[in-house]
Amino acid sequence: MFKRTTSLVALSVISAISNAQEAGRIEAGQFDIIPTFNTSMSYVDNVAYARDGEPKIYSWRATFSPEIIAATEIDGNPVQFGYRLERGVYFSSSADDYTDHFFEASSEYELNSRHRLSGTAQYEDGHEDRGTGFSLGAGDDITSPDTFKSMYAGAEYSYGALTSNGMLTLKANRETLDYDREEQAYLLRDRAKNKIGAEFAYKIAPSTALVIDVTNTYTRYDRQLSEASSLDSDTLRVLGGITWESTAATTGFAKVGYTEKDFESATRSTFYGVDWEAGVEWQPVSYSTFRFSTSADTRETNGEGNFIRGRDYTASWEHEWLQRLSTSTSISKLTDEYVLDDEGIANREDDLMRYTAALNYQARRYLSFSLYYTLNDRDSNRDTIGYDRSTIGLSAEVSL
């Protein structure tokens, strides 16, 4: 009862102030306050991502997510602070209820036409659904979602005028992950990643540029069972490619290159491979957009193996049928290869197919609805990993 009352109060407040304030925001001194409220009701046919052949939990789920953003300018440069809360309630599985908190601050500063700075800081007090992340394939073996704290702080410095042929961008960020559980298996996954890099882009045509992107990532785990089992590593990534805008309707980028992941432990082999990033957007008419993206990279393991070798492919289509009515669909294939050093055991390989579809209706400037469906189907060469999960629901967003 309390959850439902809270959501109704929030809706009433937003509706009341929207009649008296400028559309989208409230002026409060030097800040513009931008509130939004999202809510959804959905039916989930496999709450804990149970393995194929195992009993599943079926449940209705309600989510409530208010967000508030405070935006201002300092000497003409934008500064923004934001907070979002998300509460999820499962009607038939209260053990899976969750409350997440998200904080963010960002800013951009233009020193002059050739020098620019930008920075972002994010903090999440979040969760992983049972059967995802570290508990992938073991959702039935734990009694509640895994919770964690994560932090991200990053900055970029760009040198070069927007109209010049060359642009150099220096970037650095730090990312941390800390699980709330105290069992040793979770403590061994707490880690920090420090990344530094540089990207240079040079125009070879009015709408085409060559790009070189170099990054070094230093991953350090808080605890290790022994020096020999350490997952600490240094990863070098060098990509080269192009960005283009061949016509007003087509834009894209493609980068391919070399990656090397070197472990501090002598018992873990250094990995050498090919990474890539590519994306194309095609808009044949103003009301229809097609997108395709693909990438290959290395990720930290959430289970067996030294690391995860990821290869992702996504195709999507958005179409506006009427002024207020649109649809969006996407198909993704996500492949995770858990790389081992043991030649007697095959690397674990998971293939996740994800299908999404949504019918979107903009009822008013400040009110929109979406009827959506999602299907996740994971197959693996490990019998304990495969699952399928579908969700159908209705969501609404209210703004000023």
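**Entry 1**

I began with arginine 378, which at 8% relative accessibility counts as buried (buried means under 20% relative accessible area, exposed over 50%, and partly exposed in between, with a 1.4 Å probe and protein chains only). The model is a predicted one, in which local features need pLDDT of at least 70, side-chain atom pairs count only at pLDDT 80 or more, and totals for chains, interfaces and linings use all residues. Residues are numbered from 1 along each chain as its sequence is written, and side-chain values use heavy atoms, with hydrogens and water left out.

I next looked up the charged partner of arginine 378. Arginine 378 forms a salt bridge with aspartate 350, with 3.3 Å between the closest N and O atoms (a salt bridge is a side-chain nitrogen of Lys or Arg within 4 Å of a carboxyl oxygen of Asp or Glu). Arginine 378 lies in strand β18 (residues 367-380) and aspartate 350 in strand β17 (residues 348-364), so the pair ties together parts that are 28 residues apart in sequence. I took strands as DSSP runs of E with at least two residues, and helices as runs of H or I with at least four, numbered from the N terminus. Aspartate 350 is also buried, at 0% relative accessibility.

**Entry 1: Other salt bridges**

How many salt bridges does the structure hold? I find 29 salt bridges in the structure. As background, side chains of opposite charge can pair when their charged atoms come close.

I then examined aspartate 213, whose side chain meets that of lysine 171 in a salt bridge of 3.3 Å, N to O. Aspartate 213 belongs to strand β10 (residues 208-221) and lysine 171 to strand β8 (residues 166-179), so this pair ties together parts 42 residues apart in sequence. Aspartate 213 is buried at 8% relative accessible area, whereas lysine 171 is partly exposed at 21%. I traced both residues into a network of salt bridges that links Lys171, Glu199, Asp213, Arg237, Lys255, Asp275, Glu277 and Arg309.

I also noted the salt bridge between aspartate 297 and arginine 299, where the closest N and O atoms are 2.9 Å apart. Arginine 299 is partly exposed, with a relative accessible area of 24%.

Strand β4 (residues 77-90) pairs with strand β5 (residues 98-110) in the antiparallel sense over 10 bridges. Here glutamate 86 has aspartate 100 of β5 as its bridge partner.

β5 also pairs with strand β6 (residues 115-128), in the antiparallel sense and over 10 bridges. Tyrosine 109 stands opposite leucine 117 of β6. How many residues lie between β5 and β6 in their hairpin? I count four residues between these two strands.

**Entry 2: Two strand residues**

I selected glycine 126, which lies in strand β6 and is buried at 2% relative accessibility. Apart from neighbours within four places in sequence, glycine 126 is in contact (heavy atoms within 4.5 Å) with Asp100, Asp146, Thr147 and Phe148. From glycine 126 to phenylalanine 307 I record 23 Å, C-alpha to C-alpha, and a separation of 181 residues in sequence.

Asparagine 173 is placed in strand β8. Is asparagine 173 buried or exposed? At 19% relative accessibility, I list asparagine 173 as buried. Asparagine 173 touches Tyr152, Ala153, Gly154, Lys193, Asn194 and Lys195, not counting residues up to four places away in sequence.

**Entry 3: The largest nonpolar core**

I looked up the largest nonpolar core, which has eight residues: Tyr49, Leu136, Ile308, Leu334, Tyr338, Leu352, Ile385 and Tyr387. Such a core is a set of buried Ala, Val, Leu, Ile, Met, Phe, Trp, Tyr and Cys residues joined through side-chain atoms within 4.5 Å. Leaving aside neighbours within four places in sequence, tyrosine 387 has contacts that include Tyr49, Leu136, Leu352 and Arg378.

**Entry 4: Positive phi**

I closed with backbone angles. Most residues other than glycine have a negative phi. Tyrosine 49, although not a glycine, has a positive phi of about 50°. Tyrosine 49 lies in the loop between β2 (31-44) and β3 (59-74) and is buried, with a relative accessible area of 8%.

Aspartate 75 is not a glycine either, and has a positive phi of about 55°. I found aspartate 75 in the loop between β3 and β4, where aspartate 75 counts as exposed at 70% relative accessibility.

Notes
Pairing = 2+ DSSP bridges.
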